[in-house]
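Let's take a friendly walk through this model together, one region at a time. Keep the viewer open as you read.

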Amino acid sequence: MWQAVLALIVKELLAVLKDPRSRMVLIVPPLIQLIVFGYAATFDLNRVPIAVYNQDHSQPSRDLVARFLGSRVFTQTAVIRTARQITPLLDARKVDLVVSIDPRFTRDLLTHRPAPVQLIVDGRDSNTALIILGYANSIITQFGLNWMRGHGAPAPPALLDIRARYNPTLNSQWFIVPGIIAVLTQVVTLLVVGLSVAREREAGTFDQLLVTPFTQGEILLGKGLPGLLIGGVEASVIILAAVFWFDVPLRGSLLALYLGLFLFVAAVIGIGLMISSLAVTQQQALLGAFLFMVPSIVLSGFATPIANMPPVIQELTWLNPMRHILIIVRGTFLEGSGVHAFVPEYLALAATAALSLLAAGWLFRKRAY
Amino acid sequence: MNESLERLTGLLRKEALQILRDPSALAIAFVLPAMLLIIFGYGVTLDPHRVALAVVVEQPDAVTHSFVAQLRGTPYFTTESFSTIQSADRAFDADRVSAIVWFRSDFTRRLASRGAAPLGIIVNGVDANTARLIEGYLQQTWANWLAMRSRERGLPAGLPIDLEPRIRFNPAVRSRDYLVPGLIAIVMTLTGALLTALVIAREWERGTLEALMVTRATIREILLAKLVPYFLLGMGGMVATLVLAVWLFGVPFHGSLLVLTGVSALFLLAALGMGLLISSVARNQFVAGQIAIIVTFLPAFILSGFVFDIGSMPWPIRLLTHVVAARYFVATLQSLFLAGDIWSVILPNALALAVMAFVFLGAARLRARKRLD
């Protein structure tokens with residue numbers, strides 16, 4: 001039996017790799033996506049254009065402005081002389097933040113009254129707005145603490161001592177790049193497996209395959225295992241790129257990572273075979289793969305946290321293999337976890353794989369005749 | 001001319017029937033947009049709320065109690081109390097809490113004697129964006145607590161600066177209000193570029209386009225007949241998304257419908273041009289689908305400013321975003337919905353879209369010749 005399956009696997013691999021166009025699809029898009037996602041998909045801000053409206057022309061306010069301009073996050077793109085300039089600059093999106101320092105700023109500082117500073121932010125991109133406010137807030141807090149120290153004021157009773165564990169510099173790339181391993185492995189495996197049966201159906205060779213002495217189980221294996229192989233290679237290449245190109249630390253055990261990837265790819269193959277056996281044409285298979293992929297990526301915690309979603313949708317994400325593999329990938333990369341940390345995830349993935357493969361086998365039998 | 005018009009109506013009828021009879025075309029035009037809208041509208045938000053905080057109080061007293069009450073009073077946090085840092089650490093490692101606030105046993109003593117008592121905060125940095133937002137919320141709570149404390153004691157304010165943040169256009173800072181308008185660009189990219197590329201590539205594959213070429217219909221008529229139905233589908237998608245955005249998700253719309261329609265039409269023409277161009281380059285559904293996803297759909301998602309800030313990207317990628325039509329459309333959409341008809345945003349972006357529509361449609365027209373190769 002194994003010899004027969006091996007022959008089928010070789011045939012499948014040849015079918016995918018010999019055609020220059022489908023070979024290109026396996027190599028070029030994942031590479032482009034890796035680079036684009038790795039570099040563009042970041043929530044970290046830098047060079048945010050700001051304008052300063054300093055109505056208090058004295059040393060303390062100039063120090064405050066210098067702190068803003070000295071930070072990597074902000075660059076000044078306009079200087080405001082009259083209040084009327086503020087609105088057009090913000091409206092035209094020329095600047096994202098206007099720091100407006102009140103004329104009483106220094107006087108109030110010296111007389112121990114709260115010195116007014118206004119921050120006006122463009123809220124059209126509300127996430128960026130919140131992060132800009134966070135940065136501005138800490139610059140101003142630092143300035144305030146410094147001022148108190150320099151002018152003999154008593155220190156505030158308590159200070160925050162903030163540390164970020166696992167990612168001390170809060171680099172978004174460390175969050176996004178390990179996620180790409182899961183996303184791209186899914187995309188490639190799903191396309192290879194999902195289109196394989198549909199392509200044979202379109203070409204009419206599927207009927208030929210059915211009249212050979214292969215059992216249906218063997219055909220399924222022959223269709224599924226190439227996906228495992230290709231998915232495994234693809235995942236390994238991206239893992240290497242994450243570690244050596246993007247410098248994301250891989251702190252946990254490779255065994256835990258690969259066990260998770262194996263179960264994940266098995267689940268994706270099951271889903272791909274289900275799509276494949278339901279679709280009559282390649283276009284339908286492509287569409288089916290797309291209809292599965294979009295929600296599975298959006299509702300996985302890849303870019304936006306699951307914890308922010310409504311409770312019903314949070315429950316739904318348990319069915320999503322991507323959710324579990326993301327926990328495993330990020331856990332092994334950043335948190336340095338081992339196999340024992342992911343028992344629930346492994347179980348969920350194994351259950352999805354078993355169910356989807358069984359369903360695919362059943363659909364296959366139903367659709368074969 | 002009359003004969004030409006007759007041919008055109010005939011072709012249009014054929015295209016319309018083809019769309020209506022093809023379940024996958026309707027799926028891309030209606031099911032996918034509806035699904036995207038619901039997933040994004042309900043599922044995607046970047047604003048953390050009710051963040052699970054572990055509060056470790058080694059020695060509870062009035063001071064720690066007032067701080068914890070301040071934390072509980074904000075809508076951002078739910079707190080879980082621990083008496084040792086070890087037990088909180090275990091909850092942190094099991095991902096039950098996203099951050100730890102740690103009052104060490106000498107906190108109140110140091111606060112009373114020398115001040116500047118360190119309050120330990122540990123955030124989970126794996127999700128850097130959320131971590132940063134949580135830090136911001138904690139800082140704000142701390143500043144409020146300081147101000148409240150000095151007010152109670154009649155001391156000068158905790159910090160010497162009175163910060164007044166004002167967020168224009170989206171004062172409630174709901175991330176949904178900026179994500180949902182951007183979705184119009186995604187939906188129109190799907191119908192304009194992906195669907196058009198797929199369907200016309202299929203005609204190349206099946207040879208039905210060649211069959212059209214031997215008729216008396218001119219290439220201009222054939223192209224026009226292809227464009228009109230998908231243009232209408234795309235505009236339909238825009239209207240449906242607008243209606244759902246405003247009625248279902250309560251996103252404000254401050255601009256004028258006329259401007260929205262005009263800019264959408266320009267973007268759709270550019271997207272249709274890209275779809276036509278892709279199909280005539282690929283002439284194969286599988287490859288056309290792949291190219292369409294890579295050069296239209298993914299950029300509309302990642303490189304358009306829909307979710308990620310363009311200004312913060314590295315310069316080669318920032319340069320690349322200038323050839324992404326969705327970039328100009330998303331910028332206009334966000335302004336139209338949240339700010340209104342701001343001409344200093346609309347005019348340059350509309351101009352860029354017009355140029356792109358002209359270039360892509362022109363290129364598609366040039367490539368489409370009545371020839372068989």
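This is a predicted model: local features need pLDDT of at least 70, side-chain atom pairs count only at pLDDT 80 or more; totals for chains, interfaces and linings use all residues.

## A buried glutamate in chain B

Is Glu203(B) buried or exposed? Its relative accessibility is 2%, so Glu203(B) counts as buried, the cut-off for that label being under 20%.

What surrounds Glu203(B), once neighbours within four places in sequence are left aside? Glu203(B) is in contact with Lys14(B), Glu15(B) and Gln18(B), and also with Thr208(B), Leu209(B) and Lys226(B).

Setting aside neighbours within four places in sequence, you will find Thr189(B) in contact with Leu194(B), Phe267(B), Thr296(B), Phe297(B) and Ala300(B).

In soluble globular proteins, nonpolar side chains tend to be buried together. Here the largest nonpolar core has 171 residues, and the members that touch the most others are Ile181(A) and Phe333(A) together with Ile100(B), Ile302(B), Phe306(B) and Phe329(B). Helix α7 of chain B, residues 175-206, supplies the largest share of this core, 17 residues. Another core, of 66 residues, lies apart from it, and its members include Ala115(A), Tyr135(A), Val123(B) and Tyr137(B).

## Salt bridges in chain A

Side chains of opposite charge can pair when their charged atoms come close. Over all chains, the structure holds 20 salt bridges. One of them joins the side chains of Glu12(A) and Lys223(A), at 2.4 Å from N to O. This pair links distant parts of the chain, with Glu12(A) in helix α1 (residues 2-18) and Lys223(A) in helix α9 (residues 216-244) of chain A, 211 residues apart. Glu12(A) and Lys223(A) are both buried.

Lys223(A) also meets Glu200(A) in a salt bridge, at 2.6 Å from N to O. Here the partners are 23 residues apart, Glu200(A) sitting in helix α7 (residues 172-203) of chain A and Lys223(A) in helix α9 of chain A. Glu200(A) is buried, as is Lys223(A). Which residues make up the salt-bridge network that includes Lys223(A)? The network links Lys11(A), Glu12(A), Glu200(A) and Lys223(A). Elsewhere, Arg124(A) forms a salt bridge with Asp122(A), their closest N and O atoms being 3.1 Å apart, and both Arg124(A) and Asp122(A) are buried.

## Where the chains meet

How many residues does each chain bring to the contact? Chain B gives 101 residues and chain A gives 96 residues. Between them the two chains bury about 9,100 Å², with 66% of that on carbon and sulfur atoms. On the chain B side, Val126(B), Arg132(B) and Phe286(B) lose the most area to chain A, together 8% of what that side buries.

The rule finds two salt bridges across the interface of chain B and chain A. Arg132(B) takes part in a salt bridge with Asp44(A), their side chains meeting at 3.4 Å from N to O.

Strands β1 (residues 51-57) and β2 (residues 77-82) of chain B run parallel and are joined by six bridges. Within this pairing, Ser81(B) in β2(B) is the bridge partner of Val55(B). Together with helix α3 (residues 62-73) of chain B, β1(B) and β2(B) make a right-handed β-α-β unit.

Finally, have a look at two loops. Tyr166(A) has a phi near 75°, a positive value in a residue other than glycine, and lies in the loop between β5 (158-165) and α7 of chain A. Tyr166(A) counts as buried because its relative accessible area is 15%, under the 20% cut-off. Asp95(B) is not a glycine either, yet has a positive phi of about 65°; this residue is found in the loop between α4 (85-93) and β3 (99-103) of chain B.

Note on methods. Residues are numbered from 1 along each chain as its sequence is written. Chains are lettered from A and ligands numbered from 1 in the order in which they are written. Side-chain values use heavy atoms; hydrogens and water are left out. A nonpolar core is a set of buried Ala, Val, Leu, Ile, Met, Phe, Trp, Tyr and Cys residues joined through side-chain atoms within 4.5 Å. Buried means under 20% relative accessible area, exposed over 50%, partly exposed in between (1.4 Å probe, protein chains only). Helices (H or I, at least four residues) and strands (E, at least two) are DSSP runs, numbered from the N terminus. Two strands pair if DSSP finds at least two bridges between them. A crossover is right-handed if, with the strands pointing away from the viewer, the path from the first strand over the helix to the second runs clockwise. Contact means heavy atoms within 4.5 Å. Buried area is the accessible area (1.4 Å probe) that two parts lose on being put together, summed over both. A salt bridge is a side-chain nitrogen of Lys or Arg within 4 Å of a carboxyl oxygen of Asp or Glu.
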